[in-house]
Amino acid sequence: YGEESSKYPDLTLPCRLYDEFGNSIPSGFYMTVLSNDGVYLNLYQSNELKARVKTVKYAADENYQKTLEEEAEIVKRLEKAKEKKKLKKQRKLEEELEAFRQTEAAKNHAYIEDTGRGYYVLKYSFQGKTAEGIIQKDK
């Protein structure tokens with residue numbers, strides 16, 4: 001059985017990373033969570049914090065609330081269709097809700113980019129919030 005997937009983006013770390021004190025984390029898969037204040041990108045493995053990367057860019061989409069309201073409206077229409085036992089409309093709304101959620105899920109990601117200039121950029125996007133952090137390459 002596989003571990004239940006998290007709602008947070010997973011980061012695939014292709015190589016071992018080191019901090020300025022010589023500590024390291026190995027390559028692997030890490031759940032990436034932005035701190036509530038947007039200051040750090042936290043990397044977890046097996047629900048244990050393994051690293052914190054200070055953000056250099058952070059933005060919150062002011063329109064994300066509108067996205068949540070759109071989803072709630074589809075759910076509301078779906079519930080009404082279920083109450084009235086309108087199966088055709090119910091199937092259509094279920095498909096619409098699934099497509100909406102897939103589109104939103106596709107916007108959620110975390111990845112690391114090699115700049116070729118002595119550092120990596122950790123890029124993150126989740127639920128209308130985006131952040132970037134810089135990780136120096138080992139010399």
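The side chains of Glu48 and Lys50 come together in a salt bridge, with 3.3 Å from N to O; the term covers a side-chain nitrogen of Lys or Arg within 4 Å of a carboxyl oxygen of Asp or Glu. Both partners sit at an intermediate level of cover: Glu48 is partly exposed because its relative accessible area is 45%, and Lys50 is partly exposed at 36%. Here, buried means under 20% relative accessible area, exposed means over 50%, and partly exposed lies in between, with a 1.4 Å probe and protein chains only. The structure is a predicted model, in which local features need pLDDT of at least 70 and side-chain atom pairs count only at pLDDT 80 or more, while totals for chains, interfaces and linings use all residues. Residues are numbered from 1 along each chain as its sequence is written, and side-chain values use heavy atoms, with hydrogens and water left out.

Across the whole structure, the search returns 6 salt bridges. One of them joins Glu71 to Arg101, whose closest N and O atoms are 2.5 Å apart. This pair links distant parts of the chain, since Glu71 belongs to helix 1 and Arg101 to helix 2, 30 residues apart. Helices (H or I, at least four residues) and strands (E, at least two) are DSSP runs, numbered from the N terminus. Arg101 has a relative accessible area of 41% and is therefore partly exposed. Another salt bridge brings together the side chains of Lys123 and Glu132, at 3.9 Å from N to O. These two residues also take part in a network of salt bridges that includes Glu113.

Helix 1 (64-83) and helix 2 (87-106) are the elements that give two or more residues to the positive patch. Lys92 lies in helix 2 and counts as exposed because its relative accessibility is 58%.

Helix 1 also holds Gln65, which is partly exposed at 46% relative accessibility. The C-alpha atoms of Gln65 and Gln127 are separated by 9.6 Å, although the two residues are 62 residues apart along the chain.

Turning to the aromatic residues, the structure contains 2 aromatic pairs. Rings of Phe, Tyr and Trp (its six-membered ring) pair if their centres lie within 6.5 Å; planes under 30 degrees apart count as stacked, over 60 as edge-to-face and the rest as tilted. The ring centres of Tyr8 and Phe126 are 5.1 Å apart and their planes meet at 40°, so this pair is tilted. Distant parts of the chain are linked in this way: Tyr8 comes from the segment before strand 1 (10-13) and Phe126 from strand 8 (residues 119-126), 118 residues apart. Tyr8 is partly exposed at 27% relative accessibility, whereas Phe126 is buried at 6%. Phe126 also pairs with Tyr124: with ring centres 6.5 Å apart and planes at 55°, this pair is tilted too. Both Tyr124 and Phe126 are buried, and together with Tyr8 they form one aromatic cluster.
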